[in-house]
Every structure is written in structure tokens, then in C-alpha cells.
Amino acid sequence: MAAKPSAPGGPATTLVPTAGRVGAMATAAVTADGRARVLADGNEIPLLALGVWQVPDGPECVNAVRWALELGYRHIDTAQAYGNETSVGRGLRDSGVPRDEVFITTKFQPNRKDPEAEVQRSLERLGVDHVDLYIIHWPAGGPTWAWPGMERARERGFARSIGVSNFSLAELDQLLSDLTTPPVINQVQFSPFEFRRRLLQACEERRVALEAYSPLGTGRHLRDRRVRQVAERVGRTPAQVLLRWCLQRNLVVLPKSTHHERMVENARIFDFTLSAEDMAALDALDRTGGTDRALEHNWW
Ligand code: A2P
């Protein structure tokens, strides 16, 4: 992705380290407009993405992607396993937003054999010549076997950055001991209720940025009484509070919605700050014990 701001608001080239937000954790560099993070490989990733998990291929997905881009989102997160890459590509073209202003992620489906061959199929479906980020969707068959194919995908220019998803600290460390190009991303389920503090801290120490999928708990966390109390106190919606918490914990957030008004709501998270007290109240909702695992129960 070109070094451009993800929404109006000035140049994105000056980097500012974020304050130490999780104890003694290493700091992450964000762009001057506060909307993108600089990855360990030097590429910039917009902090807010539209997630399209479970959005069926077809008009619903095309519209969601087009609306998001029209609203100023500059990052779309799809996957081979979602079956909707064709619609993501269509939505991108329909939006009229230039390709080089949009960050596109797709994920290698690891019950297939060859990441390098599969990314080329993804590119055909998406109608683009590269993706910005290509990640192993889950560590099926172990954390290391697919990595050489991921590296080849990057070397051949099919993906600008490469990373992983659903990797625990142990799996990440296995991979890191066995490779030439380190992953720059680990995408995991993350929210105040899944505050994987040890995983987050270890990833930051290894210069691996964490991305939060299901930051709204697939909608469940929006109804929580304590989240609603914080939202009332700060005059925001529960969704905005949950997403803002992720930003202040150095995460890239991927809320999923197919509703225009919710996309608008979910994008209004850069113009307020949660106090230390509100952050602590949300931190206390964690049910994982601050784990370094990626999930409480693997689904693969
Ligand atoms: P929908 O797609 O019908 O708008 P998560 O991002 O944690 O996976 O959560 C996604 C779920 O939360 C979806 O069911 C989505 O519904 C819903 N959702 C997304 N944004 C909002 C919002 N601002 N208010 C209420 N529900 C939302």
C-alpha cells in the first residue's frame, strides 16, 4: 500500500511511537494521523478494517465493501475460506477508490497444499495483482510447514507482507526459530473479554503486530452491562468503546458489519480517548487469565 492517509487528515509519513500502553511493552509506531501502524517490514497497515467473515459472496458483500471504501475505510480483511474474494474485488472496483489506496488482506486456507499457488488464485478472484497482507489462516498441520510457500508468495510480489493467524506464543516461537522472513502480523480473537495480555506483550516484543478479529464478540459483547456503562459514561456506543479499547491496546481492529449505519458508527473511533480508569474497567472483563494462547478451544 502506498504511504497515504487512510482518511482525510494530513500526511501519514511522520511516525510517532505510541505511549507504553501495556505495562513495559515495546512501543509501536503509528503514522502521524493516528490511523495506520508501521509493520516490522516497513509497510503501513490501516488500524481499522472491514471484516467480511460470514458475508456471503454476492451483492451483500459487494455492497459492504463498496460502502466501507466510500466511507473512508482503507483496509478490507477477507480469506480464501470465506469464499467471498470475488465480491471483495468487485466492491473495490465499484467503489472507484484507487487500488493503491486500499490495504487488502487474504488468508491461506491451510487444508490446501501450496500457499504460493493459492495466492495466485486469490489474486484472480480479487482482480488485483498483489495483496497487501497474506497470512496463514490457522496452524493446521503445525506452525511451520506452510511458511516457505508464504515466503515465496512474498518474494514473487504476490503479497507485500506475510503473517499468521490463530497462532499461540508457542506456535509463533516455533515458527520464528525456523525461518528467514519473520511474520509481521498475528491475527487473533481479541477483545476486553479475550484480553490475551501475554500473547500481546510477547508479539510486541517480537515485532509482530496483533490484529483483533471478532472485536465485538461477534455482537455478544455489545450487550454486556459493564461495556454499556463505560459507553454511557463517555457518550459513545458500546461498539465504539470496544473498538477504541483495541486501538489503545495497540491492535489493528477488524469489525464485521454489512449495515451502512453500523460501518459509520464503527469508523468513529479516532476522535475520543478512553481514560486509564475506563481502560482498567474493560481490562477487568478478561476471561482468559491474560493467556498467551490464541484461542481457548481450537476449532481446527
Ligand atoms: P451486522 O453485520 O448485521 O451489522 P465482530 O466484528 O465481533 O465479529 O461482530 C460482528 C457482529 O456484530 C455482526 O453480527 C454485526 O452485525 C454486528 N455489529 C457490527 N457492528 C455493530 C454495531 N455498531 N452495532 C451493533 N451490531 C454491530
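Let's start at the largest pocket, where helix H9 gives the most to the lining, with three residues. Keep in mind as you look around that this is a predicted model. The pocket has a volume of about 740 Å³, and 36 residues line it. To find its centre on your screen, look for Trp53, Ser214, Thr218, Gly219 and Lys256, the lining residues that lie nearest to that point. Strand S10 (185-189), helix H8 (238-248) and H9 are the elements that give two or more residues to this lining. Sorted by class, the pocket lining has twelve nonpolar, 17 polar and seven charged residues.

Now stay with H9 and turn to its contact with another helix. Two packed helices are described by the angle between their axes and the distance between the axes. Here, the axes of H1 (residues 59-71) and H9 (residues 260-267) come within 10 Å and cross at roughly 40°. Because of that angle, H1 is oblique to H9. The crossing of H1 past H9 is right-handed. On the H1 side you will find Ala64, Trp67, Ala68 and Leu71, which meet His260, Met263 and Val264 of H9. By class, this contact has six nonpolar, one polar and no charged residues.

Pro110, Ile136 and Phe167 are among its lining residues, as are Trp138, Pro139, Ala140, Gly142, Pro143, Thr144, Trp145 and Ala146. The lining of this cavity has nine nonpolar, two polar and no charged residues, whereas seven charged residues belong to the lining of the largest pocket.

Technical notes: Residues numbered from 1 in each chain as written. Predicted model: local features only at pLDDT ≥ 70, side-chain atom pairs only at ≥ 80, totals over all residues. Heavy atoms only, no water. 1 Å grid on protein atoms, 1.4 Å probe; cavity = no way out; pocket = protein on both sides within 12 Å on 5 of 7 lines; lining within 4 Å. Nonpolar A, V, L, I, M, F, W, Y, C, P; charged D, E, K, R; others polar. Axes fitted to C-alpha atoms, helices over the stretch in contact; angles between N-to-C directions. Helix = DSSP H or I, 4+ residues; strand = E, 2+ residues; numbered from the N terminus. Parallel < 35°, antiparallel > 145°, perpendicular 65-115°, else oblique. Left-handed = near helix turned anticlockwise from the far one by under 90°. Contact = heavy atoms within 4.5 Å. Points joined across faces, edges and corners; volume = space filled by probe spheres on them.
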